[in-house]
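Hello,

Here is the structure we talked about. Please open it alongside this message; my notes follow below.

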Amino acid sequence: MNKNAYSTTDESARRSARMGVQMNNIDRSLQQLIDDVLASDIYHAYMVQCARIKEQPELKKQVDEYRARNWELQTNETTTFEQIDRFEREYAGFRDIPMVEDFLAAELAFCRLLQNINLRLTEAMNFE
């Protein structure tokens, strides 16, 4: 057999072994990050508020409708300030309900935590 065939195969095997070790390190680090997020006060506060709001099915339904409309306004390129202002006025009293306010605040804190993780990771990788 050709000597070059062995060296190519050997190099490929070494590269695969290195990649396997690196992926194991990444997997362990990722699992540690997941564990840390799950153990965080922010995540626990979010889960407490999720459980509380689920105890009130009608209120949960209204919160979900609010979140869906809010997301739609935020992601639609044609949304105007007038539409946002109208939405905020429409839901002003709703957001003053303590359980709703507590849930949305906990959800926002959790989302910001996840966004910060993603931002820091992509910035560190010079991802364009």
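Of the 128 residues in the protein, 17% are buried. Keep in mind that this is a predicted model. The exposed surface comes to about 10300 Å², and carbon and sulfur atoms supply 55% of that area. The fold has six helices and zero strands. Read from the N terminus, the order is α-α-α-α-α-α. Among contacts with a separation of 6 or more, 67% are between residues 24 or more positions apart.

Helix α3

Start with α3, residues 57-75. This helix has 19 residues. From first C-alpha to last, α3 reaches 27 Å, close to the 27 Å expected at 1.5 Å a residue.

Which residues of α3 are buried? They are Leu59, Val63, Tyr66 and Leu73. These four sit on the same side of α3, because they cover an arc of only 90° around the axis. Their cover includes α2 (41-54), α4, α5 (92-95) and α6 (98-124). The face away from the buried side carries the exposed residues Pro57, Trp71 and Glu72.

Salt bridges

How many salt bridges does a search of the whole structure find? The count is seven. Three of them deserve a look here.

Begin with aspartate 64 and lysine 60. Their side chains meet in a salt bridge at 2.8 Å, N to O. Both residues are in helix α3, and they are separated by about one helical turn because they lie four residues apart. Aspartate 64 has 29% relative accessibility, so this residue counts as partly exposed.

Aspartate 64 has another partner. Arginine 67 forms a salt bridge with aspartate 64, with the closest N and O atoms 2.9 Å apart. Here the spacing in α3 is three residues, so arginine 67 and aspartate 64 are again separated by about one helical turn. The general rule applies: an α-helix has 3.6 residues a turn, so residues three or four places apart point the same way. Arginine 67 is partly exposed too, with a relative accessible area of 27%.

The next pair is glutamate 90 and arginine 69. Their side chains meet in a salt bridge at 2.8 Å, N to O. This pair links distant parts of the chain: glutamate 90 belongs to helix α4 (residues 81-90), arginine 69 to helix α3, and the two are 21 residues apart. Glutamate 90 counts as partly exposed at 48% relative accessibility. Arginine 69, at 34%, is also partly exposed.

Which residues do salt bridges with shared partners join into one network? The members are Lys60, Asp64, Arg67 and Glu107.

Surface patch

One more item, back in helix α1. Leu30, Leu33, Ile34 and Leu38 make a nonpolar surface patch of about 310 Å². Leucine 30 lies in helix α1, which spans residues 3-38. Is leucine 30 buried, partly exposed or exposed? Its relative accessible area is 44%, so leucine 30 is partly exposed.

When you open the model, I would go through α3 and its buried side, then the network of Lys60, Asp64, Arg67 and Glu107, then the nonpolar patch that includes Leu30.

Best wishes

Terms used. Residues are numbered from 1 along each chain as its sequence is written. This is a predicted model: local features need pLDDT of at least 70, side-chain atom pairs count only at pLDDT 80 or more; totals for chains, interfaces and linings use all residues. Side-chain values use heavy atoms; hydrogens and water are left out. Patches are made of residues with over 30% relative accessible area and no salt bridge: like charges are joined within 9 Å, nonpolar side chains (Val, Leu, Ile, Met, Phe, Trp, Tyr) within 5 Å. Accessible areas come from the Shrake-Rupley method with a 1.4 Å probe; for residues, only the protein chains shown count as cover. A salt bridge is a side-chain nitrogen of Lys or Arg within 4 Å of a carboxyl oxygen of Asp or Glu. Buried means under 20% relative accessible area, exposed over 50%, partly exposed in between (1.4 Å probe, protein chains only). Contact means heavy atoms within 4.5 Å. The expected span of a helix is 1.5 Å times one less than its number of residues. The arc is that of the directions from the helix axis to the C-beta atoms.
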